[in-house]
Amino acid sequence: MTTPPIARQIPHAITQLGRTRHDEYAWMKDDNWQEVLRDPTLLRPDIAGHLRAENAYTQSVLSGTDALQDTLVAEMKGRMQADDTYPPTPHGPYCYQTSYTAGAQYPVYKRYPTATPAAEEVLLDVNEAARGHEYYAVAAAAHSPDHSLFAHAEDTQGSEIYRIHIRRLSGDGAPLPPVENCSGAFVFSPDSAFLFWVWRDSHGRPARVYRRRIGEERDTLVYEEADPGFFVGVETTRSGGWIIISSGNHDTSESWLIPGHDPQAAPRCASVRETGLMYGLYHQGTDFIILTNADGAYDFKLMTTPDAAPARANWRDLVAHEPGRYITECMVWSGHLAWRERRDANTRIIIRSVDGSTEALEPDEAAYDLTLVGGYEYDTTELRYIYQSPTTPRAWHARDMVSGAETLLKRQEVPSGHDPAQYRCWRLMARAADGELVPVTVLGRHDTPIDGSAPLLLYGYGAYGHAIDPVFSTRTLSLVDRGWFYAIAHVRGGSEKGWNWFLGGRGRNKPNTFSDFIACAETLVAEGFGATGRIVADGRSAGGMVMGAIANMRPDLFAGIVAVVPFVDELNTMSDASLPLTPPEWPEWGNPLEDVAAYDLIASYAAYEQVAPRAYPAILAMGGLTDPRVTYWEPAKWVARLRANNRSERPIMLRTNMEAGHRGATGRFDSLKEAALIHAFALWAIDTAPARQD
């Protein structure tokens with residue numbers, strides 16, 4: 001199929017706050033979309049036919065890359081250890097572990113008695129559970145504190161509607177009644193007698209917490225969130241002292257407490273929600289450690305309060321706020337506290353003992369990532385962390401927080417071979433339109449010329465305060481080894497330079513995200529890491545919003561744009577309160593249903609609204625039919641409008657995964673096919689790009 005599908009246009013006007021917009025492709029949204037999430041076969045036939053025609057067109061255009069895609073998959077697979085095992089995590093009499101057998105798509109969860117490692121017991125073989133399913137994902141898997149139970153939450157559609165399976169690990173191991181319609185979040189009570197789980201409403205929002213006595217089918221409502229903009233979660237503290245129900249949106253949070261020794265008690269509010277106040281609780285001894293932005297601590301600080309009196313009035317500073325030092329998370333043990341902090345797009349870990357003494361873990365590299373690794377035990381002096389960088393594979397370390405002794409637990413192996421010395425990582429600073437300096441991480445081989453001749457792939461995200469850390473990626477090497485540079489634009493909207501970096505790309509400041517990305521591309525060109533018209537841009541989800549914006553703003557910079565599950569129909573989505581993420585996202589983008597200024601701002605950058613007759617680069621959009629986060633019709637509508645307005649000969653393509661949702665294929669090898677398609681498109685886009693007019 002060499003001729004692209006031409007989507008029919010049906011006039012459809014929407015009047016809102018005195019403004020009228022037109023959406024000729026609104027018909028692509030099935031009125032039955034909520035049922036389609038649960039059963040994709042219910043999709044209206046004309047929409048299904050159009051999506052399949054788009055898939056056929058994309059396959060036809062890129063058919064010349066089929067052999068290349070196979071080669072890329074083989075390369076990526078060759079860098080993965082066929083039978084991989086992660087470090088065991090101790091918990092009392094057992095060690096719990098995850099591993100992959102040779103050739104397996106999914107992991108195996110298992111345990112063994114600490115004293116007899118040979119007596120291994122399989123808790124869940126995800127390969128067996130996934131058998132017969134086109135899509136299969138495990139959101140969470142956990143054992144009970146007394147080691148007698150194991151549960152996992154599965155999604156077989158990609159719609160993020162989970163079923164929890166529970167079984168006893170003694171006797172015949174027979175399964176217990178499952179829990180339906182879960183968000184994927186659950187915990188066992190500290191006494192192992194109950195399961196607390198999060199229910200999702202018909203709009204896909206985590207809105208209630210239920211309690212179920214193990215072995216029964218009856219659920220008791222524990223907490224219900226009345227605000228549709230707040231999502232609910234549940235956890236237990238490492239100490240076992242508390243069950244914590246959390247509720248919040250992107251800038252306000254609230255916690256409710258249930259004593260671990262009395263799981264049937266009614267929850268009590270720790271500290272009532274205050275707009276703009278975020279806090280998280282970590283239990284240590286008779287206190288809570290609080291990670292919060294209270295008192296104007298925009299880069300967050302640590303406070304403490306008695307667990308018997310956790311209200312805001314009783315909070316006291318423990319680690320003061322320091323602008324430019326963003327504390328992202330913390331962990332507590334009986335005698336120690338550790339936190340991860342971010343400065344200028346790099347991270348470090350600080351360990352603090354109860355006497356107040358501290359030490360820092362901070363590698364000496366231009367760009368790298370340190371990650372705290374969770375564990376089960378509270379009365380331990382062992383801290384675990386992962387170190388990696390764009391040139392250096394992941395390494396798992398255990399550190400004794402008293403003696404400082406370190407043990408290397410595991411180093412990521414690259415079976416096909418990897419020599420970090422053959423690669424180089426740079427950290428550049430791009431000057432944004434308003435003068436801000438935007439970090440850019442670049443990876444390349446030592447022998448790749450920095451003279452503008454090498455192709456460049458530039459990745460960006462920039463939303464929700466989510467930082468894109470400079471991690472090691474075996475997949476990226478397939479481009480880098482072909483003489484490409486790979487770069488990450490750490491644009492505003494993320495938190496790479498602190499929480500203010502996020503706020504600088506949020507709400508009314510959202511346009512900064514897009515202009516930052518363009519500034520990064522221009523700086524890379526100026527420094528010789530790429531050339532105008534020989535860059536491929538890549539973004540996913542909210543990063544797809546960036547791709548949509550820059551396609552309209554500076555199409556000349558790019559040979560190709562990849563937009564995976566892209567949020568590109570922003571104005572219509574933020575005006576539809578029935579969609580799962582809309583009310584919680586109003587603090588992020590603004591509410592165009594009630595705020596004229598928010599409407600006008602979103603309309604000024606929304607990818608779908610800003611499509612106009614212009615010469616676009618080659619574009620590959622990828623969606624998932626059962627995606628509850630970025631619904632399938634967003635990329636479908638965007639591609640249709642782009643194609644109708646494109647004034648270049650470059651193809652506009654759409655590929656919809658008809659068996660998956662937001663996260664795409666779940667098997668570790670199946671997911672390589674999607675990565676290979678993206679890389680093949682990038683290579684094809686550069687090879688077929690019009691000649692440069694220097």
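Leu458 stands opposite Ala487 in β33, a strand that covers residues 485–489 and runs parallel to β32 (residues 456–460), with five bridges joining the two. Please keep in mind that this is a predicted model, in which local features need pLDDT of at least 70 and side-chain atom pairs count only at pLDDT 80 or more, while totals for chains, interfaces and linings use all residues. Residues are numbered from 1 along each chain as its sequence is written, and side-chain values use heavy atoms, leaving out hydrogens and water. Helices (H or I, at least four residues) and strands (E, at least two) are DSSP runs, numbered from the N terminus.

**The sheet**
- β32 and β33 belong to an open sheet of eight strands with mixed pairing, in the order β30-β31-β33-β32-β34-β35-β36-β37; two strands pair if DSSP finds at least two bridges between them.
- At the edges stand β30 (423–431) and β37 (652–657), and each has a single partner strand, so one side of each is left without a neighbour in the sheet.
- From one strand to the next, the twist averages 20°.

**Helices on the sheet**
- Helix α2 (residues 45–61) lies across β36 (618–624) and β37, running at about 120° to β37. Such angles run from 0 to 180 degrees between N-to-C directions, with axes fitted to C-alpha atoms, for helices over the stretch in contact.
- Helix α7 (residues 511–526) also packs on the sheet, touching β30, β31, β32, β33, β34 and β35, and its direction makes about 125° with that of β30. Contact here means heavy atoms within 4.5 Å.

**Around His336**
- His336 lies in strand β23 (residues 336–343) and counts as buried, at 9% relative accessibility. Buried means under 20% relative accessible area, exposed over 50%, and partly exposed in between (1.4 Å probe, protein chains only).
- Leaving aside neighbours within four places in sequence, the contacts of His336 include Gln284, Met331, Arg352 and Met401.

**Aromatic rings and charges**
- The whole structure holds 25 aromatic pairs. Rings of Phe, Tyr and Trp (its six-membered ring) pair if their centres lie within 6.5 Å; planes under 30 degrees apart are stacked, over 60 edge-to-face, and the rest tilted.
- Phe300 and Trp499 make an edge-to-face pair, at 5.5 Å centre to centre with 80° between the planes.
- Arg208 has its charged end over the ring of Trp199, 4.0 Å from the centre. This requires NZ of Lys or CZ of Arg within 6 Å of the ring centre and within 35 degrees of the ring normal.
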